[in-house]
Amino acid sequence: MAKRRPPRPPQTPVEAVIESLSLEGKGITHIDGKAVFVGGALPGEKVVFTYTAINRKFDEGYVSEVLEASPERVEPGCPHFQICGGCSMQHLDVEKQIHHKQQAMLDALKHIGKVIPETVFDPMVGDLWGYRRKARLGVRYVRKKEKVLVGFRERAGRFLADIDACRVLHPSVGEKLPELQALIVQMDARETIPQIEVAVGDNATALVFRHLEPLSDKDQQLLLEFAKVHDFQMYLQPKGPTTVHCIWPENPELFYEHPEFETKVKFGPQDFFQVNSSINRQMVPRAVELLELDGTQKVMDLFCGLGNFTLPIARNAAEVVGVEGDSVMVQRAKQTALDNGISNTNYFTFDLTADVKHEPWMKQKYDRILLDPPRSGAKEVIEHFGKLGAKRIVYVSCHPGTLARDAGELVHTHGYRLEGAGVMDMFPHTAHVESIAVFVRD
C-alpha cells in the first residue's frame, strides 16, 4: 500500500487571536476547534498567519502580519531572525523569555510530576549575545549563484538560511561567516563539505570541517592558511568521529576554567561541554552550594562528562565517584583530575540508560548525588536512588518534562522533598529550558 502523503497546508492566510505560548515558544490558537502552533506570535496578539504544516492532532503556522502587538514584543536583535531557525524568541522581551521558561518548568513539575518546589530560585541569567560556544553549522554550495551558505536551517527546516552573521554564536565565529563562505567557495571540495563543527574554549576557537571526499593539496593549504590568519584551530573529519584530526596548530589545546575552584577542564572539539560560559560559571558554584558540602561527604556525580561538576565538588568533598557513558570523555576526565592535582575522584564508564543495579559503584552508600542527564532524563538510574542513602540530590536538567517525571519518582517513591528549583538561561532567545533542582530527605 502506498504511503499517504500529508495534506498540503492551506495557502490562504488566516486571522487569529493568540491564546498562550507553548513550551517551544510558539503562540497557540484554535481554528475550528483544532490547535494551531504559530511561530513568531505572542499571547494576546491578533495576527495573520500562514499554515506551514497540517497534522492529525494539531496544525502549524507562522506569522505573516501582526495586527495588534503584545506590549512584550520587541524588535529582534538579529536582522536574520525572520528567516533563520537558530532562535525562536528574539521577538519576546528577555525578561519575559526567562519568566516563560520558569513557568514552563513549574507547570511541568505540577502537572507531570505532581510536585511543587518549596522555594522557587531566582532565575540565573548571563550573556544574552555571543554566548554560544558549541554549534554545528550547515554548509551548502548553491551552484546557480556560485555561493556558499554557512549557518543554521531556515524556519521551515529544509534549507540553510542565507545569513552573513549570527549574534548568538561566539563572535570569533559568528562575525566571520562571510570569511568562511569565501574560503569554501575557493575550495575544490566546495560541494562535498556538509558541516562545520564549532568549539570555543577560554583560550582558542576550533573548527572541525566534515568532508565527504578526500581534500586536494590546494584545499588543505587553503584551510591551513585560513586557520593561521584568523587564529583558528583547524580540524578535519573525513569519516566518523574517530577520524577527526588537527592540521593546525601542531599541539592544539582547548580548555575552560572555573577560577573559583582553581580548576582547568581540557576538552576535544567534539566533546560535550556547556555552551554558555557565563551561565556555567554561575551554575557550578550554585550546585556545589546546594549540595552543602563540608569536606567530609562522599558524592556521586552521574553523567559527569569531562568533570565539569566533579572537579569543583572534589575540592569540597572527601570523595567523588563520577559515572559517564562516553569512554573517551571518562579518560579525559581522569587525566584532567590529575592535571589539576585532584586525587579524590574515581571514574567509571557505564551507559546510565542500562540496568545499573549490578554495578559496584551502585552498591555503595553516598552522602550526596549530583546528576546532569541528557534530555531523556535519568529514569533508569533514579529508580535505585532510594537505597543509596543520599540526604541531598542536585539535579541539573535540560528538559522540564523529564525533570518533572524524575522529580515525581524522587518525591512520591523515594521520600524526598523538592526543596527548591529554578531556571537558568543557558540558551537566551531560544525556547530551551535549563533548570536546577535540589531534593532533600530528612
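Reply: The crossing of H3 and H4 is right-handed. This is a predicted model. Helix H3 covers residues 177-186, and helix H4 covers residues 217-230. Their axes come within 10 Å and cross at roughly 160°. Angles over 145 degrees count as roughly antiparallel, so H3 is roughly antiparallel to H4.

H3 brings Glu 179, Leu 180, Leu 183 and Gln 186. H4 answers with Lys 218, Leu 222, Leu 223, Phe 226 and His 230. Sort the residues of this contact, and you get five nonpolar, two polar and two charged.

Next, the cores. The largest nonpolar core has 82 residues. Leu 137, Ile 184, Leu 207, Phe 209 and Ile 313 have the most contacts inside it. Helix H5, residues 277-291, gives the largest share of this core, with seven residues. A second, separate core has 37 residues, including Phe 303, Trp 361, Ile 369 and Val 381.

Take Leu 137 from the largest core. Setting aside residues up to four places away in sequence, Leu 137 touches Val 150, Phe 152, Leu 169 and Leu 177, among others. Gly 151, Gln 195 and Pro 194 are also among the residues that Leu 137 touches.

One last stop is Thr 263, in strand S15 (residues 263-266). Buried means under 20% relative accessible area. Thr 263 has 2% relative accessibility, so Thr 263 counts as buried. Apart from neighbours within four places in sequence, the contacts of Thr 263 include Tyr 256, His 258, Leu 311, Arg 315 and Ile 342.

Methods:
Residues numbered from 1 in each chain as written. Predicted model: local features only at pLDDT ≥ 70, side-chain atom pairs only at ≥ 80, totals over all residues. Heavy atoms only, no water. Axes fitted to C-alpha atoms, helices over the stretch in contact; angles between N-to-C directions. Helix = DSSP H or I, 4+ residues; strand = E, 2+ residues; numbered from the N terminus. Parallel < 35°, antiparallel > 145°, perpendicular 65-115°, else oblique. Left-handed = near helix turned anticlockwise from the far one by under 90°. Contact = heavy atoms within 4.5 Å. Nonpolar A, V, L, I, M, F, W, Y, C, P; charged D, E, K, R; others polar. Core = buried A, V, L, I, M, F, W, Y, C linked by side-chain atoms within 4.5 Å. Buried < 20%, exposed > 50% of the residue type's maximum accessible area, 1.4 Å probe, protein only.
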